[in-house]
Amino acid sequence: MAEEEVGMLLGVPGEIEKLGMTVRHIRCLLSDAERKQTEGSAIEQWLLELTDVMYDAHDIMDLCQIKAEERSERYGSSSSKYSCGISMLSCLRNPVFAHKIGTQIKELNSRLNEIYKRKLTLGLIEMPAVVGQSNVTRHHSDFSNKTDPSVVLADIVGDKIEEDTTMLVDLLITDESLRENVSAVAIVGMPGIGKTTLAKKVFNDPEIQREFPLKIWVCVSECLKEVELLKCVIREAGGDHGSAEQRSELVPKLASLVQNRKFFLVLDDVWPASQEVWNGLLREAMIGSTRGNRLLLTTRSDSVARFFQATTTHHVQKLSDEDAWSLLVKQVAFNEFDSETLKNIGLEIVKKCGGLPLAVIAIGGVLRGRGKDIREWQTISESTLWSIVPDNHYFPQAFYLSYEDLPSHLKQCFIFCSLYPEDFEFDKIHLVYLWLAEGFLCDEGDLSFYEKGIEFYKELIWRNLLEVVDNRYDQQFCKMHDLLRSFAGEKRKCDSLIMRERELFRRSHPFLKLRRLSIENSTVDLSSDFLNEEKSLRTLLLITNSMSEVSSNALQSLSHLRILDLSNSNIFCLSDSFGELVQLRYLNVSGTNLETLPNSVGNLKKLLHLNADDCEKLSHVPSSIVDLVELRYLSLYGTNIEVFPAGLRKLKKLIHLYNFQPGHNRSQDYSSLEDLGTLSLLSVLTLENLEKVTDMNVAKEANLKEKAHLKMLWFCYNPNRGCQVSKPIEEKKAAEDVLNALSPPPTLEIFHIIKYFGDQFPNWLHVGANPLKLKFLRYLRIEQCECFSQLPPLGLLPNLDYLDIDGAKSVVRIGPEFLFDASQDQTKTKVSHSPIIPFPQLNHLGFFDMPSWVEWLWDERQPAMPKLKELIIRNCPKLSSLPKGLLCRATSLVVLDIKALGQLKSVEDLRSVKELYVLESSNLERISNLPNLSFIQIENCPNLKILENLKPRYRMVLVDYKMKTLPEYLRKAEAEKLTVWCTKELLVMITSLRVGSSEWQKFEHIPVVKFYSHKKSLYATYQRTPFRFTTNVDSSALS
C-alpha cells in the first residue's frame, strides 16, 4: 500500500475525533444563526450550506456505525454493548473501507472548517445548544390540555357560520331546479378564509345526511391525477376499485356505485387547472344516477364557479375586527376580565391578520404561549415580521410570526409534514417514527424518543399548525391545512422536492444535494435516470404510485435512504437487493400488492418501523425478520399471515406490535405468547386469534403485568363457526384461564376485546377493593362477547371516559354491580355508601345489540356518571325503561341516541339533554320534560302520543313512511323548524287540503315546515310569516 494511503488509515481516528469536535462547536452557533437569519441573507446561505454538509457527515458516521456493528456480529464480541467511539473505530480494521471513509471524512472536515471560520464575518456567537427547548416561556398549563379543535372549527369563519350553514343546507335540499341530474353550488373565497370548514359543516349537517343516501367528499387540489381521483371517489362512495388502473375500468365501477342512488358530492379546493374534473371525468360516470343530486364545490376563483354553472355562488367574507377578536379570545382561552384588559392591543393584532380566520388561528397559537403579559402581546404587535412582503401573496404575515416562534426542532417537524399530499391524514404514531427516522428525535434505545415525539405532535396541534381530524379519540389523526402546507413547502424547497404527474424534475437549489423527494400520483419508477443521480436521498415517498416493482439498479443508487414510503402503490415485488438499504429506518408498504418480503429484509439492521397493513396478498414473512433487532414498530394488520416466525423474543426493542397471531401454545416453528415475555418496552399490543392459545401457563409467560410501558391492548378471538354460547365448557374454561393469565399492568389506558367466549370476565377487570389496579384505563370496548351474563363493576375505574358494550347477548339485567362491587358488602344492593362516585370521568357510554337485556337498575340516590355527555342505546328490544339514577344523576348528558328499543314507553325528565334521537321504538308513548332540547329526531315511533314541556324553538325531524295522517302531538310542538318525511299519499293529501283544515292545524303554528316523500320525489314547503306554500305536487300527482 502506498505511504500516503497508510498515513490516511492511521489518521482516520483523528479525523473522526476532529469531525465530532467541529460539529459540537457549530451546533453552538445554530441558535444565534437562526435568530439572526432573514430570507436571502448571508446567514441563511451559511445555514443551508451547513445543513448540506451535516447531512453528509451524518450519513458517513451512520455508515461507520453500521460497519462496526456488522464486524462485531461477524467476529463476536465479549461485550454486548460498545461505546459509540470504540464501535466506530472498530470498523477501520477493514483497510479498504477505512481508506474510502477516511477520504470522505477528511473532505468533510475541510468543508466544515471553512464554514466554521465564516462565523466571525457573519457575527455569530457560540451559545450552549439545548435540544428541545422552546423559544417561549409558557404561562399556561401543559399544552396537551389546551387543544380544543372543536372550538376552533366551530368558530373559524366567525359568528356567521351557523347562519351560512343553514342557508346552504336549505338551498341544497330545496333547490327546485330538477331538470338536471346534478345542480351545483359554489363556496368561493381567498385562501385561509374558511371555505373548507363551511363545506364540512354543510356536509355533516343532519338534514343533508337524511336527504342524500350517498355522500362523497373529495379534495381535488391543483394536480390530482384523474385515475387517483376516480379511485378516491369510489372509496368515498363505499366501493372497492380493486386492481383497476385505467379510466376505462374505473368509470364503470363508479357508475354502478351511484346508479339509482341520490348523492351529495363535495369537490374541495378546485383550481382552474383542475376544473375539468367534473365535465371531463366525473360527469361521465355519475350522470346516470337518480335526479336531484347536488354538487358543492369550494374554490378560490369565481371563474371556476361559473365554469361549473353553479346555480348559487356563496362568497365567504372576511371577519370583522370584533369577530376576529372573539375568535382570538377563544384561542387563548381567556376569561372576560383578561380579554377586556388585552382587547386594545389584541384588536391591533387581529387587524394585521386582514380578516382571515386562519391567520387569526395561527397568531392565536403564538399568543397562547405569551399568557396575559401585555408587554409580550405588544412585542408580537410590533414585530418586524408584519412588514414582510412574501413572494407568495397568499401567505399572511401571521404565518411568518408563527413559524419564527417555533424552536428549531419543531420547525423541521412542521416542514417535513408538507412532503405528504394535500389533505393527507397523519397517524400520530407513524408521524413520530418518521421524525425519528429523519433524525429529528434522539434515540436512546428506550421509549423517550416516542414520548418526546408525542410532545412535539401535541405542541404543533396546540400552536394550530396541525389540525386534529374529526375529534377522534385520543387525537390519533391530524392533517395540515393546504395553505399552511404550501407555506411549509416554501421553507423546505432547498433540499426537498415534490413531483406531480407530468412534471419535469427540477432541482430547487443548484448547489445543494436533494435529500427528500415526494412523487405524488405518478408513473415515475425507481429506475428513472434522474433518481439514479440522487445518491444522497434520505426520504423517498412514492404514495399511490403505479410502479409495480423496485429494481435492483435503483436500490444501489439509493443507499442512504432512511425513509421509504410505498403505501397504496401497485408494487408486488421487492428484489432481494432490497437488503442493501442498510441505513433504512422507516418502511411503509401498506395497501400494496406485495406477496412476500425478500429474505434480505433481515439485513436492514437499522430498521425501526415496518408497516405492512392491508397487504392482502402477503401470506408469510421470512424468518430473517427476527434479525431486525432495532425494530420498534411492526404491523401486519389485514394480511393473510397466520403465524409469525420463531424468534419474536429477539425483537426486544419493540414498542408497537400490531396483529400478532400466536401459534398453538408452544412450538419451535413459530412464535407464541411466551415470546412476548422479553418485550419489556411494549406500549401497544394487539393479539389476533387468541382462541388458539389454550395453555394458561404459556399466557403467563407473556408477562404482560410486568410491562411497565403498556398502554393499549387489543384482544381478538375468532371462534370457529357456531354460537359462542354453545361452546363446550372445557373450551370456555380454557379461554377464561388464558385471559386471566394475560393480566395487564396498571399503566393500561385502552382495552378492546372482541368475540371472547368465556362465561366470566377476567379477575383483573373486577377491580373490587383495589380500584387503582387499572387506574389509568380510559377507553374500554367489549364487542361481540356473547356468553357473559353480568358486567363487571366497571364504575370503579377512576379514569374511564369511554365505554362501549356491543353484542352482549346473554346480559339480562344491569344493576348496582355495574357501578360498584356489591360482592364486597352484601348490604349494598342498591346504594353504595362509599365516598367513591362510580364512573367519575365517564364521557361516552354505549350499549349495542343486546337482545336479552330487560332491566337497567340505578337508584336515584346513587351518585354516578357526573360527566356523562353522550349515551347511545341501540338494538336492545326488551329494555323497557331508563333508570331513575340516569334521570337524576347524569346532569351533564347532552346527547341521547335511542334506536330499536321496542319496549320503551317514555323518555322524560332529562334536564340537560340538547340532542335527542329516538328511532324505531314502536311502543314509545311519551317524550316530555326536556327543558334544554335544541334538536329532536323521531323516526318510526307510531305510538308516540305526547310531546310536551320541551324547550321552545327546537329543530325537529319526523320520519314515518307508514303514517296515514300527521301525529296529534304536533299540535303542541313548539318547534322552530319541522322536517317531515312521509309517504307520497300523505304529502299529496296535505297539499290538497286548505289552510285551517284539521291536518294543517297540526303544523301551521310552526314557523317553517318541510315535507318530503321518499327520495324527495315530491316535496312541499310551508312558511308561516310571511305566508308561503310551495310544492312540486301537480294535478297528475293529485289524480
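Here are some questions and answers about this structure.

User: Happy to start; what kind of model is this, and how are residues numbered?

Analyst: This is a predicted model, in which local features need pLDDT of at least 70 and side-chain atom pairs count only at pLDDT 80 or more, while totals for chains, interfaces and linings use all residues. Side-chain values use heavy atoms, with hydrogens and water left out, and residues are numbered from 1 along each chain as its sequence is written.

User: Which strand order does the open sheet of three strands have?

Analyst: Strands here are DSSP runs of E with at least two residues, helices are runs of H or I with at least four, and both are numbered from the N terminus. Two strands pair if DSSP finds at least two bridges between them. The edge strands are S29 (906-908) and S33 (946-950), each pairing on one side only. The pairing is parallel, and the order is S29-S31-S33.

User: Which residue in S31 is the bridge partner of Glu908?

Analyst: S29 and S31 (residues 926-930) run parallel and are joined by three bridges. In S31, the partner of Glu908 is Ser928.

User: Glu908 also has a salt bridge with Arg926; what is the N to O distance?

Analyst: A salt bridge needs a side-chain nitrogen of Lys or Arg within 4 Å of a carboxyl oxygen of Asp or Glu. Glu908 lies in strand S29 and Arg926 in strand S31, so the pair ties together parts that are 18 residues apart in sequence. Glu908 has a relative accessible area of 23%, and Arg926 has 26%. Their side chains meet at 3.1 Å.

User: Is Glu908 buried, partly exposed or exposed?

Analyst: Buried means under 20% relative accessible area, exposed means over 50%, and partly exposed lies in between (1.4 Å probe, protein chains only). At 23%, Glu908 is therefore partly exposed.

User: How many salt bridges does the count come to?

Analyst: Side chains of opposite charge can pair when their charged atoms come close. One network of salt bridges links Asp59, Asp62, Glu438, Asp495, Arg516, Arg538, Arg562 and Arg585. By the rule above, the count comes to 60.

User: How many residues apart are Asp56 and Arg515?

Analyst: These two form a salt bridge, with their closest N and O atoms 3.0 Å apart. Both Asp56 and Arg515 are buried. Asp56 is in helix H2 (residues 42-75), while Arg515 is in the loop between strand S9 (496-499) and strand S10 (516-519), and the pair links distant parts of the chain, 459 residues apart.

User: Which helix holds Lys343, the salt-bridge partner of Glu322?

Analyst: The closest N and O atoms of Lys343 and Glu322 are 3.4 Å apart. Glu322 is partly exposed, with a relative accessible area of 44%. Glu322 lies in helix H14 (residues 321-332), and 21 residues away in sequence Lys343 lies in helix H16 (residues 343-351).

User: How do the rings of Tyr403 and Phe487 meet, and what is the pair called?

Analyst: Rings of Phe, Tyr and Trp (its six-membered ring) pair if their centres lie within 6.5 Å; planes under 30 degrees apart count as stacked, over 60 as edge-to-face and the rest as tilted. Tyr403 in helix H19 (residues 397-404) and Phe487 in helix H23 (residues 482-491) are 84 residues apart, and both are buried. Their ring centres are 6.0 Å apart with planes at 80 degrees, so the pair is edge-to-face.

User: How many aromatic pairs does the structure hold?

Analyst: One aromatic cluster is formed by Phe395, Phe399, Tyr400, Tyr403, Phe414 and Phe487. In the structure, the number of aromatic pairs is 42.

User: Which residue lies over the face of Tyr403?

Analyst: A charge sits over a ring if NZ of Lys or CZ of Arg is within 6 Å of the ring centre and within 35 degrees of the ring normal. The charged end of Lys215 sits over the ring of Phe203, 4.1 Å from its centre. For Tyr403, at 5.1 Å from the ring centre, the residue is Lys411.

User: How many disulfides does a search of the whole structure find?

Analyst: A disulfide is counted as a pair of cysteine sulfur atoms within 2.5 Å. Cys442 is exposed at 53% relative accessible area, and Cys888 is partly exposed at 39%. The number of disulfides found is zero.
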